[in-house]
Amino acid sequence: MGTDQLYPSGDAELSLTGNGGVLAMWEVDRPRTTHVELNNRITAADNSNHPIDDHATHVAGTMIAAGVNPNARGMAYQASLASYDADNDVSEMATAAGQGARLSNHSYGLPAGWDAHDLSGNGGWHWVGNTSVSQASDYLFGLYDSEARDYDNIVFNAPFYLPVKSSGNDRGEGPSSGTQHWVPNSSGQWISSNISRPLDGGSSGYDCIPTTGNAKNILTVGAIEAQESSGLLILGISDFSSWGPTDDGRIKPDIVARGVDVFSSFSNSNSSYGTISGTSMAAPAVTGSLGLLLQHYANVNAGFTMRASALKALVLHTADQIGASDAPNYRTGWGLMNTRAAADHISHSINSYSGDRLISRDSITNGGFRERTYYHDGEGSFKVTLVWTDPAGPISSNTLNPTQKRLVNDLDIRLVRDSDGTVYSPWVLNPASPSSAATKGDNSRDNVEQIFETNLLRGTYTIRITHKGTLVGSEQYFSMIISGKANYTTNCSGTLTDGSGNQNYVSNGYHSWTIEPSNANSITLNFTAFNTEEDFDFVKIYNGLDTNAPLIGEYSGSSLPPAITANSGKMHIVFEADESITETGWNATYSCTSGQLSVSPSSFNFSANGGNNTVSVTATCNWSIQGILPPWLNASPNSGNSNATISIVCSPNPSEISRTTTITINACNGLSQSITITQAGCTPPTTPILSQSSSINICNGQTIPLSVTNACSGCTITWSNGQTGSSINVSASGSYVATASNNCGTGVSSQAITVTVSNIPTAATITASGATALCQGQSVTLNAGGVCNGCTVNWSNGMTGTSISVSSAGNYSATVTNPANATGCAASPASNTITVTTASAPAAAVIAANGSTTLCPGQSVALNASNTCSGCTVQWSNGANGQSIIITDAGTYTAMVLSPNCGTSVSSNAITITTASVPAAPIIAINGSSQLCPGQSVTLNASKVCNGCNVTWSNGMSGPSITVSSAGTYTATVSSPNCGTSPSSNSVTITSASTLIPPTITATWRHQSLPRRNCGIIS
């Protein structure tokens, strides 16, 4: 990484130690703050009571260890550290960032995919993925979740704060196929499984960075294997470091650093050390090194500091890519961090002569753009890196590999060559083919874009920043790092300087100046001061525009060079400084002499019959027509040394095609004028240009339009298959060309388009081997039929194979993929759909009587069952079936619900039915005399009366006994509350006698004895 070169004894001569800087660290547990390497420079910012452990102590040491053991020295070895545990990291990060925190390290993360720790209380491998989302892949890999969004929000709201996150150690993790392991079920309980699941990252190793490592605005760090000897020897990418891309195709990790066998402080004692491997070890090396870069920037830009986006851009811009390519990839991101190169860029950027620029803050508003124009001398490479802190994007959860883009404000950077409008685009990676090399095009996924060109022509170039759509927030700030610009002037006189002012120039520099005044005859350079490291730092002067021109001066040391003249009228100056001693530098002035050349007119036309024309030349020096004229033109004279008139003679044009040529007249000191001459002719048909690429693959049954983009007016377009028109549809394999014809004849055929038709696999027919309504614990096998040989069956639940066993409810379908088919035709249409449902044992029914539960003879009552499942049957305790039954007999009745799939419910509530008879006739008796005298009464009693029954008498009275005082015949009936009224009882008759009226008595003398009466004796 070259971080040690920034130390007081380092080659960069910057004397950076991190002194006065405060880094932050979030860890699962706490570091040993009393370790001799940490020297009580750690503050427990959240007063954590977590235990002290090796991991946190090692990470802290990698950042700030003092170097008591030189092999354990941290990157910013005199910095301080604020330590937090990870319990409330998001809220604590937001608070710390708001209070001015600049950098923080996060060497932890959620478990994902395979994990060898004892998570369940059972030994062995654990797969922590969500099986309801996928049986094979953990959806957390590549996911932009709510915590990644929170990280992005924090940085967006605190744009000078940069979190550094380890990418994770998941790649290639897991047991061999079919190994017994533990997985969480839908209830979160750990269950044993032997399902074959791929290793994390699958066979290719890509897409295994979980959650927060996929945030846009942070710096995600992977690990490489390297050895420290006399410099860093890169051995390769570590075998565990997690690779990208993110689910939406962004480049992660951003950067890599050494993470294998890293030696640092341990927690066993205040003087213990140890070696650990992991991206957890790589991230703090980056964080500590970033602290030194912030210190250096503050040293050379007093009162200013870099935005997080500028710091990130600087690190990515100056990184060294591992391998032959300079392009980014999904394995190591933008490469190995090069702290020395980043620091040199900061040093160079403050000097006007430098080709390096660091733009920490610029912005673009809705509908607007930003442009910066630079000169490139055609030597070396040109690189520009654009980074912006993007608003937090939309999140996904419980979704496998969602491809929705998380980029909110999509900025675009382009490099445009001013001379001809040639456009250069940034690097682009293809997430659908993550191992493929980067290409150049439109990057619509990342908030990092970089243009890197190694073979630019000499000239002026414009860096243009635009945006797509509407910017959220109406304005987007960005940072930009530039390397490879050169100093260029067209002035005829001026002053040049090494740019260091009153200070020594910066070491390890290569800078150039190009002087190209218009119409200059010569340029003379005069040094007014000169002091460089002799024999090591050189100023070189070339008689032309670049180093390919003749070298006319090379100077080093402290002697003032003589005046030097470039007689070409162009001068190129290079200043090279090595990595060691620097001096006060140099200053110079320059001036030029100029010449003149004028040609009129600059263009004219001849008819097809030819003719004569003249050209006037005004010159102050020798001039001549360059090259050989076409045979249909003659010019005289073709050279001269002063003003002249050239006669141009044009031959008739036998062709129907017009013709044009350019005559170039050159004069001294690079003066040049051009004359464009055009002769008309019959305009032939233009060669058709087809809008499609040279090779097109379509699927059987599809058609593809072929069209000509430049069909000439009045022309007939004829295709090689006999069709005509500027656009046709084809569905057969073959090579297609188009020709245009008109009254001038038939033109040249277009380029050929090869159309290849591939067969789409036939859709599978899927069937179930049993019932698709499943009870708890049941499963059914789904089989795919009609599958082509060598084809793969992909089921809608993510499983593969011609047969699968499912136990979850859902709609299941399958597609067939033929890997031998062309892209786009490999997958069949979807099969038919089979719906699998799941159910539990039925609930108990609730029964109720639709009437009285006491029955009289001939009566019945309906019993109804409710709370029954659809499609289920009801079975009653008397053997009857049905939702309702009619009961005529006494007894206790219950019901059970029978599911056709999932068994029988428990018994319902019970209903007891009783029966009763019509009551018997009562027997009535007179309690006294049945003959009543006036004023007398008698009691009538009813016996044989059933319990609960009512006695009703024929005189309307009720009750088991009544008192009557009237003559009459009396009967009674008994009524039951359930079974009606009894027959009438026996009848009793009550009579009454009137009071006797005394008789009128007449007496006779004869004595007569009177009879005795019932009602007394009359005297």
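This passage describes the overall form of a predicted protein model and then several of its local features. Residues are numbered from 1 along each chain as its sequence is written, and side-chain values use heavy atoms, with hydrogens and water left out. Because the model is predicted, local features need pLDDT of at least 70 and side-chain atom pairs count only at pLDDT 80 or more, whereas totals for chains, interfaces and linings use all residues.

The protein chain has six helices and 76 strands (DSSP runs, H or I of at least four residues for helices and E of at least two for strands, numbered from the N terminus). The C-alpha trace spans about 210 × 90 × 65 Å along its principal axes. The radius of gyration of the protein chain is 52 Å, whereas a compact globule of 1019 residues would have a value near 31 Å (taken over C-alpha atoms, the globule rule being 2.2 Å times the number of residues to the power 0.38). Of the 1019 residues, 47% are buried (under 20% relative accessible area, with exposed meaning over 50% and partly exposed in between; 1.4 Å probe, protein chains only). Among contacts (heavy atoms within 4.5 Å) between residues at least 6 apart in sequence, 68% join residues at least 24 apart.

Helix α5 (residues 308-318) is largely enclosed by the rest of the structure, because 11 of its 11 residues are buried. Among them are K312 and H317.

Q626 belongs to strand β37 (residues 623-626) and counts as partly exposed, at 35% relative accessibility. Residues up to four places away in sequence aside, Q626 touches T664 and N666. The side chains of Q626 and S624 are joined by a polar contact of 2.7 Å (a pair of N or O atoms within 3.5 Å; within protein, one must be able to donate a hydrogen and the other to accept it, and residues adjacent in sequence count only if both atoms are side-chain atoms). The C-alpha atoms of Q626 and T868 are separated by 103 Å, the two residues being 242 residues apart along the chain.

Most residues other than glycine have a negative phi, and most peptide bonds are trans. The bond from G244 to P245 is cis, with omega near 5°, and P245 lies in the loop between β11 (231-237) and β12 (255-258). A cis peptide bond with omega of about -5° also joins S600 and P601. T211 has a positive phi, near 40°, and is buried, with a relative accessible area of 1%. K944 has a phi near 60° and is exposed, with a relative accessible area of 62%.
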